[in-house]
Each structure stands twice: as C-alpha cells, then as structure tokens.
Amino acid sequence: MSLAAIAVVSRRSGKPLYMRSFVESSDLLFGQYGQNETVGADFFGDILVEESLAQKSSEWSCEEKYEFMLHAASDRLDEMKWKKPGAVGADACWVGLLCSMDSFNAYGYVTTNANYVVIVEDGIAPDNVQLQKSRDVELKTLISYVHRAYTESLLNPFSDINAKITSERFTTNVKSLVAGFNQI
C-alpha cells in the first residue's frame with residue numbers, strides 16, 4: 001500500500017488548492033496507449049497535446065491520471081453526507097472510502113475550510129477487515145497532520161484562503177508525511 005496522490009480542495013469555491021502525486025509513473029490506469037510520443041497527437045491523431053500537457057504540469061505537480069482520480073473522488077465527496085452523529089475530533093472529519101478505481105482507492109476527510117482527498121494504491125484484500133481498519137487509522141492520522149499543516153499555512157497573514165497553496169513549508173511537511181506513510 002502506498003499513497004499515490006493527495007488533493008486539498010476549498011469548501012467555499014470547490015477549486016483545488018493543492019494537488020500532488022507521489023509515485024513514479026506507471027501506466028496501470030489511463031496509460032499512453034493512444035498517444036504517439038513522436039508526433040504528440042492524441043488517440044485520434046488530430047489534436048496536439050504537448051502544449052496542454054506542459055501547461056498542466058506547470059500548474060500542478062500531479063500526473064494527469066491522478067488528477068482525474070482526485071477530481072472524481074472530490075465530486076463523490078461532495079455528494080456524500082460527511083457528518084457522523086456523536087463523533088468528535090478526527091473521527092468526525094473522516095469520511096473514509098469514497099470510491100475504487102482499478103487498484104486504487106480514494107479516501108476523504110472533510111473540515112470546515114477544506115476537503116482532503118487521497119488516492120492510495122491498494123494491495124489489501126477486501127476480506128481482510130482487520131488490516132483495512134488499521135490502514136484507515138493510519139490514513140486518518142496522516143490527513144489530520146496534513147490538515148494541521150494547512151491550518152498553519154493559513155496563519156500567515158499574506159496567505160489567501162481561496163488561493164493555490166504555494167507555501168514551501170506546507171509542501172515540505174506534506175512530502176515528509178507521505179514519505180513516512182509510504183515506508184510503513
């Protein structure tokens with residue numbers, strides 16, 4: 001199990017504030033089957049995609065396949081009821097499994113100012129309930145620390161709550177948290 005990507009999405013505007021993928025490119029999902037690397041055309045061969053890919057890669061440090069999954073999971077999170085009656089702390093914010101896509105699972109965490117979505121490459125069998133519960137606890141802890149880092153970045157008087165997160169400290173914290181999670 002490894003964390004593949006993470007997104008922080010504004011609850012007010014619904015726009016992504018932060019998206020990053022953390023794994024090496026693997027063509028398990030949405031591979032490069034239809035793209036001709038020498039020409040740069042799409043599957044049908046009539047649209048050059050090099051410019052749009054260069055623009056996308058400069059906007060977010062997230063591969064397109066993970067960006068697609070993060071957007072789909074974020075839409076699913078918006079549809080779900082997220083408040084758990086009687087829950088407090090991190091348990092009240094934890095939504096849990098949002099959806100599955102091939103060998104990846106998307107999990108959600110909701111706070112008053114942001115939605116958090118993570119994509120995890122899953123190697124755990126569905127019938128192994130004990131291992132899945134321990135994974136949920138690890139993910140809940142990880143996302144609560146990411147939320148803490150986001151909240152700390154908002155304490156900067158020059159940060160905008162609806163703007164893309166550009167804090168190097170936030171990025172460094174997220175990278176170290178994910179690296180620690182992926183080593184487990």
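How many residues does α2 have, and how far does the helix reach from its first C-alpha to its last? Hi everyone, let's start there. α2 has 16 residues and reaches 23 Å, close to the 22 Å expected at 1.5 Å a residue; that expected span is 1.5 Å times one less than the number of residues. Helices (H or I, at least four residues) and strands (E, at least two) are DSSP runs, numbered from the N terminus.

A word on the model before we go on. It is a predicted model, where local features need pLDDT of at least 70 and side-chain atom pairs count only at pLDDT 80 or more, while totals for chains, interfaces and linings use all residues. Residues are numbered from 1 along each chain as its sequence is written, and side-chain values use heavy atoms, leaving out hydrogens and water.

Back to α2. Its buried residues include Y66, M69, L70 and L77. Buried means under 20% relative accessible area, exposed over 50%, and partly exposed in between, with a 1.4 Å probe and protein chains only. K65 counts as buried because its relative accessibility is 8%. Its side chain meets that of E63 in a salt bridge at 3.9 Å, N to O. By salt bridge I mean a side-chain nitrogen of Lys or Arg within 4 Å of a carboxyl oxygen of Asp or Glu. Another one joins E79 and R76, with the closest N and O atoms 3.7 Å apart. These two lie in α2, 3 residues apart, about one turn of the helix. E79 is exposed at 60%, whereas R76, at 34%, is partly exposed.

Now please find β1. Of its 9 residues, 9 are buried. β1 pairs in the antiparallel sense with β5 over 8 bridges, and with β2, again antiparallel, over 5 bridges. Strands pair if DSSP finds at least two bridges between them. I6 has V118 of β5 as its bridge partner, and V8 stands opposite Y18 in β2. In the hairpin of β1 and β2, G14 takes a positive phi near 80°.

Among the 17 lining residues, V9, G14, S74, D78 and N115 are the closest to its centre. A pocket here is an open set of points on a 1 Å grid over the protein atoms alone, where a 1.4 Å probe fits, with protein on both sides within 12 Å along at least five of seven lines; lining residues have an atom within 4 Å of a point.
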